[in-house]
Amino acid sequence: MHAGADDDRSHSRKPISSDLLEEVRSGALESKDSIEILTWAIEKFHPRLALSCSFGDPEGMALLDMMHGIESSSRVFVLDTGRMHQETYDLIDRVRDRYGKQMEVVLPDGDAVQSMVREHGMNLFYGSLEKRKLCCHLRKVEPSARFLADLDAYVTGLRRGQGPTRSDIGKVEIDRGNGGIVKVNPLVDWSYDDVWQYVRRHDVPVNRLHKAGYPSVGCAPCTRAIQAGEDPRAGRWWWENPETKECGLHADEETGGSGI
Ligand code: SF4
């Protein structure tokens, strides 16, 4: 553990240095593998760095395992939307037991959620794309932004193969939508099979719903199991067009490798 790590957590975000910006823009980080990227990020930003983990995807669990191996006090946060499966809460506790880690649980603003359900109902997300996005905004985007405001960098399990909205993400990006925080995506060039191979090889705990046909587990009312041969993201917001299938957490990045 880094000396004084806890004391270093709370201060306002430092502006990104021109050297770091140049390093990101040059695309040089694109040649690093996932462990090298995580080691780079931990050395540069810990403890002002945290993994954003849904506890519903094998990607997040693989990253949690890798980061813990590099730095046992590496930080993990989870957005508890209030609509998650019991299996997801179980996994958070299983990880806590296995790694001796305290997860940082981030909750939505209670007043905002109360107003939303009073006006639009408990299951508003099925009513329209706008209402689904409102729910995602209040239960995910706003809490995430609030938590990220106290960090210099965060890690995600995004992969380019996850769909049309993710095909050009870089390994390190500047997330302008969250105030210019550094966003680290070590698994962008991994396949879904690569992730599962890592998880099995290292006996990493995963969400029990994967065995019931859920390739990724989001909120209970917005996730379903898929049939053999279906796209892995077909189980998320299955009533929507594939082009709209984002919760709003990942937008407005300046990429280091592709797509500047
Ligand atoms: Fe709401 Fe569904 Fe988005 Fe969860 S995934 S925040 S329940 S709309």
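Two strands count as paired if DSSP finds at least two bridges between them. The model is predicted.

**Strand β1**
- Three bridges also join β1 to β2, and these two strands run parallel.

**Cys53**
- Cys53 lies in the loop between β1 and α3.
- Cys53 counts as buried because 25 other C-beta atoms lie within 10 Å, and the cut-off for a buried residue is 20 or more.
- Beyond its neighbours within four places in sequence, Cys53 is in contact with Gly60, Leu64, Val76 and Val78.
- Val78 is 25 residues from Cys53 along the chain, yet the C-alpha atoms of the two are separated by 5.4 Å.

**Helix α2 (residues 34-45)**
- The twelve residues of α2 reach 16 Å from first C-alpha to last, close to the 16 Å expected at 1.5 Å a residue.
- Buried in α2 are Ser34, Ile37, Leu38, Ala41 and Ile42.
- These residues are on the same side of α2, because they cover an arc of only 130° around the axis.
- An α-helix has 3.6 residues a turn, so residues three or four places apart point the same way.
- The packing partners of the buried α2 residues are β1 (49-52), α3, β4 (153-155) and β6 (181-184).

**Helix α3 (58-70)**
- α3 has 13 residues and reaches 19 Å from its first C-alpha to its last, close to the expected 18 Å.
- Its buried residues are Pro58, Glu59, Gly60, Met61, Ala62, Leu63, Leu64, Met66 and Met67.
- Against these buried residues of α3 pack the helices α2, α4 and α7 (192-201), together with the strands β1, β2 (75-79) and β4.

**Helix α4 (residues 86-99)**
- With 14 residues at 1.5 Å a residue, α4 should span 20 Å, and this agrees with the 20 Å between its end C-alpha atoms.
- Thr88, Leu91 and Val95 are the buried residues of α4.
- Their arc around the axis is only 50°, which puts them on the same side of α4.
- What covers these buried residues includes α3.
- The face of α4 turned away from the buried side carries the exposed residues Gln86, Asp93 and Asp97.
- Gly100 follows α4 and has a positive phi, near 65°.

**Shell around the ligand**
- Around the ligand there are 13 residues, of which Cys135, Cys136, Arg139, Cys219 and Cys222 come nearest.
- By class, the shell has seven nonpolar, two polar and four charged residues.

Key
Residues numbered from 1 in each chain as written. Predicted model: local features only at pLDDT ≥ 70, side-chain atom pairs only at ≥ 80, totals over all residues. Helix = DSSP H or I, 4+ residues; strand = E, 2+ residues; numbered from the N terminus. Expected span 1.5 Å × (residues − 1). Buried ≥ 20, exposed ≤ 12 C-beta atoms within 10 Å, placed from the backbone. Arc of directions from axis to C-beta. Contact = placed C-beta atoms within 7 Å. Near = placed C-beta within 6 Å. Nonpolar A, V, L, I, M, F, W, Y, C, P; charged D, E, K, R; others polar.
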